[in-house]
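Here are my notes for you to read alongside the model. Keep the structure open and look up each residue as we get to it.

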Amino acid sequence: MGELLGTAVLVFMLDTIVISTFESDTKMPNLIMSILIAVVITILLLAVVPVSGGHINPVISFSAALVGIISMSRAIIYIMAQCIGAILGALALRAVVSSSIEDTFSLGGCTVTIIAPGPNGPITLGLETAQALWLEIFCTFVFLFASIWMAYDHRQAKALGHVTVLSIVGVVLGLLVFISTTVTGKKGYGGAGINPARCLGPAIIRGGHLWDGHWIFWVGPTIGCVAFYVYTKIIPAKHFNAEYGYKHDFVGVVKALFGSNV
């Protein structure tokens with residue numbers, strides 16, 4: 001329930017921020033949007049962490065299962081709750097915005113391309129599939145490496161404290177949103193999702209072009225999570241998880257299932 005409600009609030013607030021910043025007359029909507037996203041994510045994480053660990057993102061749940069902090073079955077339950085919560089959050093947003101705003105901003109959903117009117121008929125604006133996929137992979141890995149890593153490492157989490165770690169998570173996500181929406185400079189591309197559930201909610205409620213390239217917002221983060229897990233297995237043990245063992249580590253679970261010869 002913590003993950004479900006937390007993700008519902010997350011989707012409602014983030015998509016509201018996306019719509020309101022671009023609807024305003026500010027000269028740098030991307031920057032303001034990124035700052036607000038960082039603040040909102042930090043606050044929500046602080047609220048949900050005591051209940052469920054504060055994932056509210058399939059990326060965190062899946063990577064935590066790979067590393068071994070939680071079991072894969074718990075991760076699946078969390079991800080299902082997050083997806084349901086995202087749908088509820090998108091429904092709540094649809095209930096409070098006008099139809100014109102819903103049409104213009106597609107409920108703040110994740111887009112790779114959009115169809116826009118052109119001089120000789122409709123044209124497609126946005127990012128190429130390969131570029132969008134690589135952005136998802138890179139941004140997901142950087143997100144895990146630069147912030148979630150601190151939460152996974154007991155020593156850093158204890159030394160820095162929950163407030164500091166969760167604030168860093170929010171800031172890193174805000175920076176990645178700003179970079180991905182600014183560096184490409186492509187109209188029609190909504191920026192890196194880094195949260196498949198957040199992309200799924202508006203896609204189910206709004207539909208239409210939000211399904212175009214939607215798979216990128218799942219495949220990209222999945223690859224990024226696997227790359228991060230490989231990284232944690234490569235580095236020397238003394239630099240990570242020195243005093244504690246993760247009994248749900250993916251490789252360890254596979255070995256236990258199929259024997260030590262795996």
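1. An angle under 35 degrees counts as roughly parallel, over 145 as roughly antiparallel, 65 to 115 as roughly perpendicular, and the rest as oblique. The axes are lines fitted to C-alpha atoms, for helices over the stretch in contact, and the angles run from 0 to 180 degrees between N-to-C directions.

2. Now the ground rules. You are looking at a predicted model, where local features need pLDDT of at least 70 and side-chain atom pairs count only at pLDDT 80 or more, while totals for chains, interfaces and linings use all residues. Residues are numbered from 1 along each chain as its sequence is written, and side-chain values use heavy atoms, leaving out hydrogens and water.

3. On to the overall layout. The chain has eleven helices and two strands; helices (H or I, at least four residues) and strands (E, at least two) are DSSP runs, numbered from the N terminus. Starting at the N terminus, the order is α-α-α-α-α-β-β-α-α-α-α-α-α. Of the chain's 262 residues, 49% count as buried, and buried means under 20% relative accessible area (exposed is over 50%, partly exposed in between, with a 1.4 Å probe and protein chains only). Contact means heavy atoms within 4.5 Å. Among contacts with a separation of 6 or more, 72% come from residues 24 or more positions apart.

4. Helix α6 (residues 129-152) packs with helix α8 (residues 162-183) at an angle of about 170°, and their axes are 8 Å apart. The two are therefore roughly antiparallel to each other. On the α6 side you'll find C139, V142, F143, A146, S147, I148, M150 and A151, and they meet V165, I168, V169, V172, L173, L176 and S180 in α8. Sorted by class, this contact of α6 with α8 has 13 nonpolar residues, two polar and no charged. For the classes, Ala, Val, Leu, Ile, Met, Phe, Trp, Tyr, Cys and Pro count as nonpolar, Asp, Glu, Lys and Arg as charged, and the others, Gly among them, as polar.

5. Next pair: helix α9 (residues 196-206) and helix α10 (residues 216-234). They pack at an angle of about 170°, with axes 9 Å apart. That makes α9 roughly antiparallel to α10. P196, A197, C199 and L200 from α9 meet F217, W218 and P221 from α10. The class count for α9 with α10 is seven nonpolar, no polar and no charged residues.

6. How many disulfides does a search of the whole structure find? It finds one, where a disulfide is a pair of cysteine sulfur atoms within 2.5 Å. The partners are C110 and C199, with their sulfur atoms 2.1 Å apart. The torsion about their S-S bond is about -75°, so the disulfide is left-handed. The pair links distant parts of the chain, 89 residues apart: C110 sits in the loop between α5 (99-105) and β1 (113-118), C199 in helix α9. Both C110 and C199 are buried.

7. Helix α4 (residues 72-96) deserves a look too. Its 25 residues reach 36 Å from first C-alpha to last, close to the 36 Å expected at 1.5 Å a residue; the expected span is 1.5 Å times one less than the number of residues. Its buried residues include A75, Y78, I79, Q82, A86 and L93. The buried residues of α4 pack against α1 (2-23), α2 (29-52), α3, α9 and α10.

8. Is V59 buried or exposed? V59, in helix α3 (residues 58-67), is buried, with a relative accessible area of 2%. Not counting residues up to four places away in sequence, V59 touches T140, F143, L144, I194, P196, P221 and C225. Last stop is G224, which lies in helix α10. G224 is buried, with a relative accessible area of 0%. Leaving aside neighbours within four places in sequence, G224 is in contact with I137, T140, F141 and L144. G224 and S63 are 161 residues apart in sequence and 9.0 Å apart in space, C-alpha to C-alpha.
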